[in-house]
Amino acid sequence: MHSYWPALFLSLSTASASLTYKGVDWSSVTVEENAGITYKTASGATEPLEKILAENGVNTVRQRVWVNPSGGTYNVAYNLALAKRAKAAGLGVYLDFHFSDTWADPGHQTIPSGWPTAIDDLAWELYNYTLDVSNQFQAAGIQPTIMSIGNEITAGLLWPTGSTSSWANVARLLHSASAGIKDSGLNPKPEIMIHLDNGWNWSTQNNWYTNVLKQGTLTLSDFDMMGVSYYPFYSSSATLASLKSSLTNMANAWPGKQIVVAETDWPTSCPSPAYAFPSDTKSIPFSAAGQATWITDVANVVAGVNGGAGLFYWEPAWVQNANLGSSCADNCMFSSSGTALSSLAVFEAI
């Protein structure tokens, strides 16, 4: 153990969780470095972020991939360079395809510029895109361990063609995206993930998978993992108990699938939350200690579910965007000066 690990962590080191994938999303590290941010260990030593992550128990990094973004940030070339750094540090790589030129999430799923909109043409474009990106990674000597075919696609993907107003189109597109990866030269092949938001809401998960799978185009063999986002600051209903119930139901309904919390965060500062926090999180402080408790609690839920495989913290090092899109002031696991908080060491325990 590192000498700087606090008593806080020692008290959590007996956590029962044992996850295959212990990760963070580090997509914006290059953006931060270009802005002059440097990263430091909790004891103050300046090191590359990937080394700090690995030293603290992280074994996989998540990276978002945009198709043709303005300026190139998060495009394939950006991600190849980042993945090479991860591999050199001994970290696995999880590619999160957004299938857009910008953010894709429950409120945004815009077809990339220049892509067709007719379903046959769009499915073919998508197949060739995932095939090409997969082959570029193989050619670079990098085999991602996970690929997510879409990001938070609860309302569909590649709108309007792939919105959930046409479940047939959603199924067709996801099958094509999966087929491109499977037909690529990647060896070994990655685990293919489908990723929805609101992982605590069983009704959302059940409705989505039931509708898309009954189309017959997307089959259970097309994907290996069910990923969910799980945040505590968007709904008081997002209790840990609800997450446990939802993930348990998912494991029972679709046995054999790996289950991953693909995104989660906890604040070190939240003076004016937009929503009440869930009732069974009220005792967790807004602090580094609270982050460690939260990660341990979520990890224990995942590890207690059949097929529970991993947890990823979303953008813990994006210190220039510390609220990470929430109403909380700071959800990072690094200080504004780039120094790792004590909470980062919790990944050793999960």
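The buried residues of helix H8 are covered by several parts of the chain, including helix H7 (202–213), strand E6 (225–229), strand E7 (258–264) and helix H9 (288–303). This description, like everything that follows, rests on a predicted model.

In H8, the buried residues are Leu-240, Leu-243, Ser-246, Leu-247, Met-250 and Ala-251. They cover an arc of only 135° around the axis, which puts them on the same side of H8. On the face of H8 that is turned away from its buried side, one finds the exposed residues Ala-241 and Asn-252.

## The cysteines

How many disulfides does a search of the whole structure find? The search finds 1 disulfide, formed by Cys-270 and Cys-328, whose sulfur atoms lie 2.1 Å apart. This pair links distant parts of the chain, since Cys-270 sits in the loop between E7 and H9, while Cys-328 belongs to the segment after strand E8 (308–313), 58 residues apart. The torsion about the S-S bond of Cys-270 and Cys-328 is about -65°, so the disulfide is left-handed.

Is the pair Cys-270 and Cys-328 buried or exposed? Both of these cysteines are buried. Cys-332, by contrast, is in no disulfide, and the nearest cysteine sulfur, that of Cys-328, is 12 Å away. Cys-332 has a relative accessibility of 1%, and because buried means under 20%, this residue counts as buried.

## The chain as a whole

The protein chain contains 9 helices and 8 strands, and its C-alpha trace spans about 55 × 40 × 35 Å along its principal axes. For 350 residues, a compact globule would have a radius of gyration near 20 Å, and the protein chain has 19 Å, which agrees.

Of the 350 residues, 57% count as buried, while the chain exposes about 12,400 Å², of which carbon and sulfur atoms supply 50%. Among the contacts with a separation of 6 or more, 77% are accounted for by residues 24 or more positions apart.

Key
Residues are numbered from 1 along each chain as its sequence is written. This is a predicted model: local features need pLDDT of at least 70, side-chain atom pairs count only at pLDDT 80 or more; totals for chains, interfaces and linings use all residues. Side-chain values use heavy atoms; hydrogens and water are left out. Buried means under 20% relative accessible area, exposed over 50%, partly exposed in between (1.4 Å probe, protein chains only). Helices (H or I, at least four residues) and strands (E, at least two) are DSSP runs, numbered from the N terminus. The arc is that of the directions from the helix axis to the C-beta atoms. Contact means heavy atoms within 4.5 Å. A disulfide is a pair of cysteine sulfur atoms within 2.5 Å. The radius of gyration is taken over C-alpha atoms; the globule rule is 2.2 Å times the number of residues to the power 0.38. Accessible areas come from the Shrake-Rupley method with a 1.4 Å probe; for residues, only the protein chains shown count as cover.
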